[in-house]
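Keep the sequence at hand while reading.

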Amino acid sequence: MENHPFAPVLPPNATIMMMGTFPPTSDKWAMSFHYPNFYNDMWRIYGRVFFDDADYFRIGDEKRFDPERIRDFMFERGIASCPTVKQAIRETGNASDKNLTVVTPVDLDVILPQVPKVETLFTTGGKATEVLLGLLDEPIAKSKHPKTNQSMDYPYQWQDSNQTNMVNDLTLYRLPSTSRAYPLSLDKKVAAYKAFFERMGKL
């Protein structure tokens, strides 16, 4: 069993929160930060969407991105990032979601109070969407999952420090995976993320 190695990025002014699953094994990391594999396209997509430059977050010609620059950007733009999985078992030793057994999912009771302005969660693949839906009441959890580039209401119930029942009426969007293994061109991934961020008022 492994613990997720990276702490959530939780800007207090965040209005949206990106939620993936689990990083690859450490030998595949180019940095100690979310989406650490240099060949994952997440930070290229962010660079293209916000700065029209796939290498905006890259460190020169090196095969790695700049985690501090990414973190500063996320705080500036009000974008949080939190994994859906705290503990997991890799059944095949790689980063494939289909071979990931979730042991402990994210505790949104702890996370959401730290980002009180968040109204939208967006997942970066099917497994993360599945995990988040599993945190809802059973009838909703069994409802039809949103397809890629679609959304659904996400009424998450939790208790505050006074044991008062609270409900966050959130929206859950599912965006394409940024893994190179996902069969979609970079241009189409960029278009999907750009449309989402425009809709969220981030562009």
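In this predicted model, the second largest pocket has a volume of about 180 Å³. Its lining is made up of 14 residues, and those closest to the centre are His4, Pro8, Pro83, Val85 and Lys86. Strand β4, residues 85–90, and helix α3, residues 108–111, each give at least two residues to the lining of this pocket. The largest share comes from β4, with three residues. Sorted by class, the lining of the second largest pocket holds nine nonpolar, three polar and two charged residues.

Now turn to helix α2, which runs over residues 67–77. Which residues of α2 are buried? They are Ile70, Phe73 and Met74. These residues lie on the same side of α2 because they cover an arc of only 100° around the axis. The general rule behind such a pattern is that an α-helix has 3.6 residues a turn, so residues three or four places apart point the same way. On the other side of α2, Asp72 and Glu76 are exposed. "Buried" here stands for under 20% relative accessible area, and "exposed" for over 50%.

What do the buried residues of α2 pack against? Their partners are β2 (16–19), α1 (42–51) and β3 (79–81).

After α2 comes Gly78, which has a positive phi, near 70°.

Methods: Residues numbered from 1 in each chain as written. Predicted model: local features only at pLDDT ≥ 70, side-chain atom pairs only at ≥ 80, totals over all residues. Heavy atoms only, no water. 1 Å grid on protein atoms, 1.4 Å probe; cavity = no way out; pocket = protein on both sides within 12 Å on 5 of 7 lines; lining within 4 Å. Points joined across faces, edges and corners; volume = space filled by probe spheres on them. Helix = DSSP H or I, 4+ residues; strand = E, 2+ residues; numbered from the N terminus. Nonpolar A, V, L, I, M, F, W, Y, C, P; charged D, E, K, R; others polar. Buried < 20%, exposed > 50% of the residue type's maximum accessible area, 1.4 Å probe, protein only. Arc of directions from axis to C-beta. Contact = heavy atoms within 4.5 Å.
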